[in-house]
Amino acid sequence: MPREEITTHRLRPEPVATSPRTPRLGGVGVALFSSAVFGVSGSFAKALLEAGWSPAAAVTLRMAGAALVLLVPTLLVMQGKWPLIASNWKSILLFGLFGVGACQFFYFLAVERLDVGVALLLEYLAPVLIVLFLWIRFRKSPKALTIGGALLSLAGLVLVLDLAGDTAVDPIGVLWGLGAAVGLVVYFFVSARVDGALPPIVLASGGLLVGAGTMGLLALCGLVQMKMTFVPVRLAQWETQWWVALGGLVIFSTVLAYVSGIMAARALGSKMASFISLTEVLFAVLWAWLLLGQLPAGIQLLGGVLIVGGVLLVRADEMRSP
């Protein structure tokens with residue numbers, strides 16, 4: 001999800017104090033590793049979709065598999081803390097329905113019609129949407145740096161769509177990508193307001209379980225199509241079994257991404273870790289090039305740079321604010 005892709009380090013509250021001797025360089029490396037494994041999710045999903053899987057099936061098995069893997073560590077963490085579930089059930093439900101389920105499902109629908117890099121760049125307009133929402137909701141004008149970042153990201157979006165280019169951009173795919181951005185907005189709001197006493201891995205595994213259960217119910221009602229084809233898939237220039245792509249989606253892009261994200265947050269703090277996580281966009285483009293042979297056009301790459309630059313300006317303004 002993308003952010004269909006879920007970064008646990010964004011869920012962790014800021015540490016009260018850190019020792020100046022903390023190995024921050026090692027933390028940066030862990031944070032970059034987290035972004036790298038999150039970024040490869042689009043490539044694994046694309047391989048399954050091209051083999052005939054429906055987006056609903058891919059995202060449901062991804063969430064269910066990751067929730068199953070995280071079940072044991074979650075039970076260990078929750079010993080003596082079960083009342084926290086009762087006090088945070090609304091946050092877990094919202095997180096699972098929108099921040100996890102809708103965000104990932106919409107992202108996979110976008111990947112079905114667009115290149116992985118383009119779909120993820122659309123999803124990462126979420127910080128700009130947050131700025132606009134807060135502006136409208138609280139009628140408080142953002143600072144110049146935030147306005148500049150929003151405008152820069154919107155200009156980048158125009159270039160990513162490459163409306164004047166030879167390759168037509170699927171408008172339905174663009175709408176799904178923007179829908180994933182809205183899901184990511186809900187993810188940020190819920191994770192920011194959740195009780196800080198709730199361990200991040202609990203919110204993550206609970207959200208994955210809710211998301212998977214919701215997709216299963218929608219399938220039983222006939223609202224989404226669960227189609228799985230157990231045939232070989234193509235990654236890079238070689239052919240492999242379907243379970244390799246699905247296993248990579250669950251283990252690398254979800255489970256390992258969570259564990260490394262928590263380690264990065266403990267070493268760097270939530271602000272710095274989430275700042276570094278913006279490199280996921282660049283990693284996603286790199287993985288799509290290596291595994292799928294997809295590389296956006298030059299003007300789309302320039303648009304991606306502008307979007308990331310705009311998000312960085314918004315994040316810098318946020319970090320400067322008291």
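Is Val 233 buried or exposed? In this predicted model, in which local features need pLDDT of at least 70, side-chain atom pairs count only at pLDDT 80 or more, and totals for chains, interfaces and linings use all residues, Val 233 is buried, with a relative accessibility of 1%; buried here means under 20% relative accessible area, exposed over 50%, and partly exposed in between, with a 1.4 Å probe and protein chains only. Residues are numbered from 1 along each chain as its sequence is written, and side-chain values use heavy atoms, with hydrogens and water left out.

Val 233 belongs to strand β1, where helices (H or I, at least four residues) and strands (E, at least two) are DSSP runs numbered from the N terminus. Although 183 residues separate Val 233 from Glu 50 in sequence, their C-alpha atoms are 7.8 Å apart in space. When residues up to four places away in sequence are not counted, Val 233 touches Ala 47, Leu 48 and Ala 51, and also Trp 238, Glu 239, Thr 240, Gln 241, Trp 242 and Ala 245, a contact being defined by heavy atoms within 4.5 Å. Thr 229 lies in the loop between α11 (200-220) and β1 (233-235), and it counts as buried because its relative accessibility is 18%. With neighbours within four places in sequence left aside, Thr 229 is in contact with Ala 51, Gly 52, Trp 53 and Trp 242. The whole structure contains six aromatic pairs, where rings of Phe, Tyr and Trp (its six-membered ring) pair if their centres lie within 6.5 Å, and planes under 30 degrees apart count as stacked, over 60 as edge-to-face and the rest as tilted.

Helix α2 (residues 41-50) is largely enclosed by the rest of the structure, because nine of its 10 residues are buried. The buried residues of α2 are Ser 41, Gly 42, Ser 43, Phe 44, Ala 45, Lys 46, Ala 47, Leu 48 and Leu 49, and the helix is followed by Gly 52, whose phi is positive, near 110°. Within α2, Ala 45 has a relative accessible area of 0% and is therefore buried. The C-alpha atoms of Ala 45 and Leu 246 are separated by 7.7 Å, although the two residues are 201 apart along the chain; beyond four places in sequence, Ala 45 touches Phe 108 and Leu 249.

The axes of α2 and α6 come within 10 Å and cross at roughly 65°, where axes are lines fitted to C-alpha atoms, for helices over the stretch in contact, and angles run from 0 to 180 degrees between N-to-C directions. This crossing of α2 and α6 is right-handed; a crossing is left-handed if the near helix is turned anticlockwise from the far one by less than a right angle, and right-handed if clockwise. Gly 42, Ala 45, Lys 46 and Leu 49 of α2 make the contact with Tyr 107, Phe 108, Val 111 and Glu 112 of α6. By class, the contact of α2 with α6 comprises five nonpolar, one polar and two charged residues, with Ala, Val, Leu, Ile, Met, Phe, Trp, Tyr, Cys and Pro counted as nonpolar, Asp, Glu, Lys and Arg as charged, and the others, Gly among them, as polar.

Helix α6 (residues 89-113) also packs against helix α7 (residues 116-123), at an angle of about 145° and with the axes 9 Å apart. Here Cys 103, Tyr 107, Ala 110 and Val 111 of α6 meet Val 116, Ala 119, Leu 120 and Glu 123 of α7, so that the contact of α6 with α7 has seven nonpolar, no polar and one charged residues. Cys 103 is buried, with a relative accessible area of 0%, whereas Cys 221 is exposed at 59% relative accessibility. Zero disulfides are found in the whole structure, a disulfide being a pair of cysteine sulfur atoms within 2.5 Å.

A further pair of helices is α3 (residues 55-69) and α11, whose axes come within 8 Å and cross at roughly 145° in a left-handed manner. The residues of the contact of α3 with α11 divide into 10 nonpolar, three polar and no charged.
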